[in-house]
Amino acid sequence: MRRLFGLLLLVALFAGVGCTKKEAALPATEGNPAPEFTLKDLSGKSVQLSSLKGKVVLVNFWATWCPPCREEIPSMVKLNQAMQGKNFQMLAISIDEGGKGAVEDFFKQGGVTLPALLDTDGKIARLYGTTGVPETFVVDTKGVIVKKVVGGMDWSNPQVIQALEQLMAGK
């Protein structure tokens, strides 16, 4: 009975966190500069985080095999559409080992369009100290992490959009 209780407690603790992957290095933290990285997008173009200074950047680590990520993606698409033409950039960083093919297949099946980057070896996820997916970092216009979100979230919520717009306005 005691072993069963311990097992149930462990399952309950990890159920809401998201999908875990590998152990991480020191985590990126709120109030500190976002660690610099360069990754390729689906077209093979390199994207460097520092080149986006001056914009609010949503850095989201995700995977096609992760159920909470799949639930979160539609709200990210809506957020990205709502932010078109604004001082905002979304970076959906896939940690799928299948790389470009896995992400393109997933997007094609779901009719999804997002600015996706590929971190197939998990190097950038480790740099950020992610403990699983989805995990998101909101980076302000100066390149500082202002919010870290572990687990899925409704990014299309009007309050979230308002908070991001205030951040873009420097408030």
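Glutamate 104 is partly exposed, with a relative accessible area of 32%, where partly exposed covers the range between buried (under 20% relative accessible area) and exposed (over 50%), computed with a 1.4 Å probe on protein chains only. The model is a predicted one, in which local features need pLDDT of at least 70 and side-chain atom pairs count only at pLDDT 80 or more, while totals for chains, interfaces and linings use all residues. Residues are numbered from 1 along each chain as its sequence is written, and side-chain values use heavy atoms, with hydrogens and water left out.

The partner of glutamate 104 is lysine 100, with which glutamate 104 forms a salt bridge whose closest N and O atoms are 4.0 Å apart; a salt bridge here is a side-chain nitrogen of Lys or Arg within 4 Å of a carboxyl oxygen of Asp or Glu. Both residues lie in helix α3 (residues 99-110), four residues apart, about one turn of the helix, and lysine 100 is also partly exposed, at 39%. Side chains of opposite charge can pair when their charged atoms come close.

By this rule the count comes to three salt bridges. In another of them, glutamate 165 and lysine 86 meet at 2.5 Å, N to O. Because glutamate 165 belongs to helix α5 (residues 158-168) and lysine 86 to the loop between α2 (67-82) and β5 (88-94), this pair ties together parts that are 79 residues apart in sequence. Glutamate 165 is partly exposed at 31%, and lysine 86 counts as partly exposed at 36%.

There is also a salt bridge between lysine 148 and glutamate 135, at 3.4 Å from N to O. Lysine 148 sits in strand β9 (residues 145-150) and glutamate 135 in strand β8 (residues 135-139), so the pair links parts that are 13 residues apart in sequence. Lysine 148 is partly exposed at 24%, whereas glutamate 135 is buried, with 0% relative accessibility.

These elements belong to a chain of five helices and nine strands, assigned as DSSP runs (H or I of at least four residues for helices, E of at least two for strands) and numbered from the N terminus. Of the 171 residues in the chain, 44% are buried.

The largest nonpolar core has 51 residues, and those with the most contacts inside it are Phe37, Phe61 and Tyr128. Strand β4 (residues 56-62) gives the most to this core, with six residues. Such a core is a set of buried Ala, Val, Leu, Ile, Met, Phe, Trp, Tyr and Cys residues joined through side-chain atoms within 4.5 Å.
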